[in-house]
Amino acid sequence: MKKFIFLFLISFSSCGFAQNKIDTVQIINNGTLNMEIDSRINTVLKAKEDAVCAHNAPIKKNTEKKPIVHSNDPCAGTPQINGFKIQIYYSKDRKDADKVRNEFARSFPELSSQTAYFSPDYRVLVGDYFTRASASRDIRRLKSKYNSAFSIPFKVLCRKAK
């Protein structure tokens, strides 16, 4: 009998600690999301949200306008633009890519070169071009030594682009 009373008290006391109210959220658009939240958690979250929002000062919008440059220079105020570079080599090993880049810089000092990492490869990129067509002349010239050369879209320095 003592065991029965003990089990009854334990099961009854555990019911007292169960969640009282549960808010249920259902979204029936492109699928269903069921979320059950204790109403006490919801009130704490709401209070925290209100406290954070109340302490933040209103954000002032930047009303300063950038000066408008009236110039025939297409690069005025824009150091980098979307353009093209020529990829001459790629490798998973950075040392190999740097070796090819240094060799290229000695062979073609008039063209800029850089090593860029595009996971999982290191690529050697050369030149700065506004259009794919403007890169084609240099691609034909580079094909003699780097037969896998081709142009790729890339941010280029406006002042150096052809």
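**Exercise 1. Determine how the span of helix α3 in this predicted model compares with the expected span, and which side of the helix is buried.**

Helix α3 covers residues 94–107, and its 14 residues reach 20 Å from the first C-alpha to the last, close to the 20 Å expected at 1.5 Å a residue, where the expected span is 1.5 Å times one less than the number of residues. Helices here are DSSP runs of H or I with at least four residues, strands are runs of E with at least two, and both are numbered from the N terminus.

The next step is burial, for which buried means under 20% relative accessible area, exposed over 50% and partly exposed in between, with a 1.4 Å probe and protein chains only. Ala97, Val100 and Phe104 of α3 are buried. Because they cover an arc of only 65 degrees around the axis, they lie on the same side of α3, the arc being that of the directions from the helix axis to the C-beta atoms. An α-helix has 3.6 residues a turn, so residues three or four places apart point the same way. On the other side of α3, Lys95, Lys99 and Arg106 are exposed.

Finally, the buried residues of α3 pack against β3 (80–91), β4 (113–118), β5 (121–129) and α4 (132–142), a contact being heavy atoms within 4.5 Å.

The model is predicted, with local features requiring pLDDT of at least 70 and side-chain atom pairs pLDDT 80 or more, whereas totals for chains, interfaces and linings use all residues. Residues are numbered from 1 along each chain as its sequence is written, and side-chain values use heavy atoms, without hydrogens and water.

**Exercise 2. Classify the ring pair of Tyr117 and Tyr122.**

The structure holds four aromatic pairs. The ring centres of Tyr117 and Tyr122 are 4.7 Å apart and their planes stand at 50 degrees, so this pair is tilted; rings of Phe, Tyr and Trp (its six-membered ring) pair if their centres lie within 6.5 Å, with planes under 30 degrees apart counting as stacked, over 60 as edge-to-face and the rest as tilted. Tyr117 is partly exposed at 49% relative accessibility, whereas Tyr122 is buried at 18%.
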